[in-house]
Amino acid sequence: MLKLREVCMRFGKTDAIRLLNLEVGDGEVVGLIGPNGSGKTTLVNLISGVYPPTSGSIRFDGREISRLAAHKIARLGIARTFQNIRVYPGMTVRENLQAALTGSPSLSGRDEMDSALRQVQLADRAEHLAGELPLPERRRLELARVLVCHPRLVILDEPAGGMTPAETEDLAQLIKNKLAPGRACLIIEHKMNLITATCRRLCVLHRGVKLADGGTGRVLSDRRVIDCYIGTAAGKC
Amino acid sequence: MDAYHVTVLSNIGMISLIALSAYLLLVCGEISFGQQAYFGIGAYISGIATAMWGWPLWSGMLAGGLIGASAAAFVGALTLRINGFYFSIATLAFAEMMRLLLYVFRYQVEIGGELVGPDGENGFHGIRWIFENDISTVEFMWIIYGVLASVVAGMMFMERSRLGRIFRMIGQDDMLARMQGVNVLLYKVLAALIAGFIAGVGGSLYAHSFTYIEPQFFNVMLGVHGLAYGLIGGLGVAFGPLVGVAIDIGFLEAIRWIQGYRMIAFGGLVAVMLIFWPRGIFDEKRWYSIRRCLRRMCGAETS
């Protein structure tokens, strides 16, 4: 479904992504981990069209999207959340969902919005201003937004950021039971319990280069991954 | 109602249109210092149409609005790729360019033995449609308020529509709007076009109310006031700028006794308002509280 071939992204003299190859298949849930500054969010921005890659190809369903405008990429069925949560603060929670549907081909109605809000435990907040919600509820609003849009590829950028262990556990259940079925997911996360609970495949980025890619268990026990990211010997990489 | 009050009320009505024009762009997150250019274009075009070509007021007003809209869309398409401060400076530059062009714009024809039409720095005399059609200043004031009511109703209807929602999405987070499939540039140009039309219509009324216009009327202070009205009244709802106009003109008229210092007082008022209410009196939050209160009252009544 999503294929990246030799993608490079350079900001000035810095290579944020170097010759990256990555595939995400239909219905596959792939985790993406790596130290801060390894290029994870840059990669999400490239896929979602925030900026085009310096070189390389990004294909979605066989169609080249690397030079496509962000709004056109979104209309193809790619939805994302943000590391720094983005909601429309001056709109209510329900209006935020209606806004998400404005440019989406999805035909979700009021019932589906109510259902999405129930699934993320925001049903009683539907008429509250999004800007007044606490951080974890804003995160859940981002997820409800994804649910109503029925995207074909979901990219979650640190969805458990700022969440307690119990909230992270709930989020893992939500991703497994509601978000992931029937669609491809790419999840960027630092919390390994969320990654192990939701992703069967894991990709590790380090300094813009893919360090490992494969089954989650195998990648997490890879010596280089332990040294560079999970372990303590980051300086050796 | 005496002539003074009719003039003040007519001014409030006409200036409200430039305030609504600036408000629409503010809702989209853009600060334009150039709406006075479209106000001026509307004034000159409609004046030419009625005084020189013999068109009725409505046709002249429509022409003024449409030319204002076209100019705004053209400038918007060129400048809306740049955001924030750069866009504001670009709009200011365009407006000043237009004003300076009006200083050299001469197009006159002889009607009834006298030359009528724009005459550069000498302005444009003889826009006498309301006198030629026996319309009193009070009647023209009602025409102004009829047009204003239609524009406000249209904008309130738009705010409840998909288009209004898109404008607010762009204004609150244009990156998120883009990620949700909205062609931000296209809708910003559309907002500029509608705003240009409203300003053009306002300018048409202005020209016919005063019967004489000159380039200096459409200077940067008019644009600054238009912006300030939206920021004072609030960006949460379309009647916010009207509250801003009423407060400002009411305030300026009330302090006529400090002639010469009024603009200093006006600047102070804007600064104080922006400190305490950065998005105006009727900002999104307050308007949301009012809506919620009204909904509760209606709910209580029905139950």
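Visitor: Before we start, which pLDDT do local features need?

Guide: Residues are numbered from 1 along each chain as its sequence is written, while chains are lettered from A and ligands numbered from 1 in the order in which they are written. As this is a predicted model, totals for chains, interfaces and linings use all residues, side-chain atom pairs count only at pLDDT 80 or more, and local features need pLDDT of at least 70.

Visitor: How many strands does chain A have?

Guide: Helices (H or I, at least four residues) and strands (E, at least two) are DSSP runs, numbered from the N terminus. Chain A comes with 9 helices, and its strands number 10.

Visitor: What is the radius of gyration of chain A?

Guide: It is taken over C-alpha atoms, and the globule rule is 2.2 Å times the number of residues to the power 0.38. For 237 residues a compact globule would come out near 18 Å, which agrees with the value for chain A: 18 Å.

Visitor: Is A:P151 buried or exposed?

Guide: A:P151 sits in the loop between α5 (135–149) and β7 (153–157) of chain A. A residue is buried if 20 or more other C-beta atoms (placed from the backbone) lie within 10 Å of its own, exposed if 12 or fewer, and partly exposed in between. A:P151 has 22 C-beta neighbours inside 10 Å, so it counts as buried.

Visitor: How far apart in space are A:P151 and A:R183?

Guide: Two residues are in contact if their C-beta atoms, placed from the backbone, lie within 7 Å, and A:R183 is one of the contacts of A:P151 beyond four places in sequence. In sequence they are 32 residues apart, yet C-alpha to C-alpha the distance is 7.4 Å.

Visitor: Which residues touch the most other members of the largest nonpolar core?

Guide: A nonpolar core is a set of buried Ala, Val, Leu, Ile, Met, Phe, Trp, Tyr and Cys residues joined through C-beta atoms within 7 Å. Of the 170 residues in the largest one, the pair with the most such contacts is A:A144 and A:V204.

Visitor: And where does the largest share of this core come from?

Guide: That share is 15 residues, and its source is in chain B: helix α9 (residues 184–210).

Visitor: Which domains of chain A does this core lie between?

Guide: Domain bounds come from an automatic or database domain assignment. Both domains give residues to this core, so it lies between domain 1 (1–77 + 153–237) and domain 2 (79–151).
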